[in-house]
Amino acid sequence: MSITTFAVAGATGRLGRHVVDVLTERGHQVVPMSRATGVDIITGEGLAEALTGVEVIIDVASWHSSDQDAATEFFRTSARNLHEYGHQAGVAQITMASIIGADKATAGFLAAKKVHEERLLSGPLPVRILRAAQFHEFVGRLLDWQQGEVAYLPALPTQLVACRTVAEELVDLATAPAAPGTPIPEIAGPRKEIMAEAAQLLGARRGIKVVGVDGSGMPDAELAANGAFLPGPHAKLAGPTFQEWLDTQP
Ligand SMILES: NC(=O)c1ccc[n+]([C@@H]2O[C@H](COP(=O)([O-])OP(=O)(O)OC[C@H]3O[C@@H](n4cnc5c(N)ncnc54)[C@H](OP(=O)(O)O)[C@@H]3O)[C@@H](O)[C@H]2O)c1
């Protein structure tokens, strides 16, 4: 396999650090991009320098909260800048991580991801999208957002997947020959879980009691309850399960 130079936007994030690991293990050159490495994909600081000589951008940068308007603005701007600076630098392609169900969302962070997809797809560079289920690693973040010793989380179905599994699939997609006309690929964990139940397993380790709630009041709660954000029939399902992953965590 030929060696490619990748820039990873969001290289220090939950998913991004695994993307960097997978690329490095496969012998590729990697330019890590995040504010922590001096590259800001919103202000453009350091971006032109970082993209010099880069062939493929993997976009796994993200907004840090679930606020729809702020996240939408972040993804609009990052998409514009990655295309603009990438085009100037002679980048050949952008591969991005989205979330399963983004195409069906009407509100919340998922709706911001829909805009992210649309803006990236509007060019000028060719774009590949991988839609992933929620990450095993994201469950801890949901607990972090809660105050106190009792956490109230939605008892909604999800098909949690490990970041390492998503990173491998994302790198496979970024390095595969172009396949125009094929449906947007999806990656999810091996089985359906209930978010609150997964959080209970993690909460037990942290001394936090987790109570499952019906999720009403959440964006698109009814769609989520009806399984609209679960993987489709063509999705790739791959382990570890949440419990198997948890058993490997320190
Ligand atoms: N979380 C999930 O369950 C899930 C599920 C499916 C898909 N996804 C998608 O996967 C991607 C990665 O999500 P994640 O959970 O790994 O995100 P994350 O842990 O919040 O990481 C976000 C990354 O973006 C970087 N970043 C933020 N602002 C930046 C800026 N202005 N310039 C450059 N870098 C910036 C952060 O680094 P600095 O702070 O150092 O800048 C960090 O490296 C996102 O597109 C997300 O929508 C997430």
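**Helix packing and backbone**

Q: At what angle do helix α3 and helix α4 pack?
A: About 15°, with the axes 8 Å apart. Helix α3 is residues 68–89 and helix α4 is residues 108–121. Axes are lines fitted to C-alpha atoms, for helices over the stretch in contact; angles run from 0 to 180 degrees between N-to-C directions. Helices here are DSSP runs (H or I, at least four residues), strands too (E, at least two), numbered from the N terminus.

Q: What's the source, and what are the cut-offs?
A: This is a predicted model, with residues numbered from 1 along each chain as its sequence is written. Local features need pLDDT of at least 70, side-chain atom pairs count only at pLDDT 80 or more, totals for chains, interfaces and linings use all residues, and side-chain values use heavy atoms, with hydrogens and water left out.

Q: Back to that pair. Are α3 and α4 roughly parallel or oblique?
A: Roughly parallel, because of that angle.

Q: Which residues of α3 and α4 make the contact?
A: From α3: Q68, A71, T72, F75, R76, S78, A79 and H83. From α4: G108, F109, A111, A112, K113, V115, H116, R119 and L120. Contact means heavy atoms within 4.5 Å. By class, the contact of α3 with α4 has 8 nonpolar, 6 polar and 3 charged residues. Ala, Val, Leu, Ile, Met, Phe, Trp, Tyr, Cys and Pro count as nonpolar, Asp, Glu, Lys and Arg as charged, and the others, Gly among them, as polar.

Q: Next pair. How do α1 and α6 cross?
A: At roughly 55°, with the axes coming within 8 Å. Helix α1 is residues 16–25, and α6 is 163–175. So α1 and α6 are oblique to each other. Their crossing is right-handed.

Q: Which residues in α1 meet α6?
A: H18, V19, D21, V22, L23 and E25. On the α6 side, C163, R164, A167, E168, L170 and V171. The contact of α1 with α6 splits into 7 nonpolar, 1 polar and 4 charged.

Q: And α5 with α7: what angle?
A: About 75°, axes 10 Å apart. Helix α5 covers residues 136–145 and helix α7 residues 195–206. So α5 is roughly perpendicular to α7. V139, G140, L142, L143 and D144 of α5 touch M195, A198, A199, L202, G203 and R206 of α7. That contact has 7 nonpolar, 2 polar and 2 charged residues.

Q: Switching to backbone. What about the peptide bond from G123 to P124, cis or trans?
A: Cis, with omega near 20°. P124 sits in the loop between α4 and β5. Most peptide bonds are trans.

Q: Which non-glycine residue has a positive phi?
A: D220, at about 55°. Most residues other than glycine have a negative phi.

Q: Where is D220?
A: In the loop between β10 (209–213) and α8 (221–225).

Notes. Parallel < 35°, antiparallel > 145°, perpendicular 65-115°, else oblique. Left-handed = near helix turned anticlockwise from the far one by under 90°.
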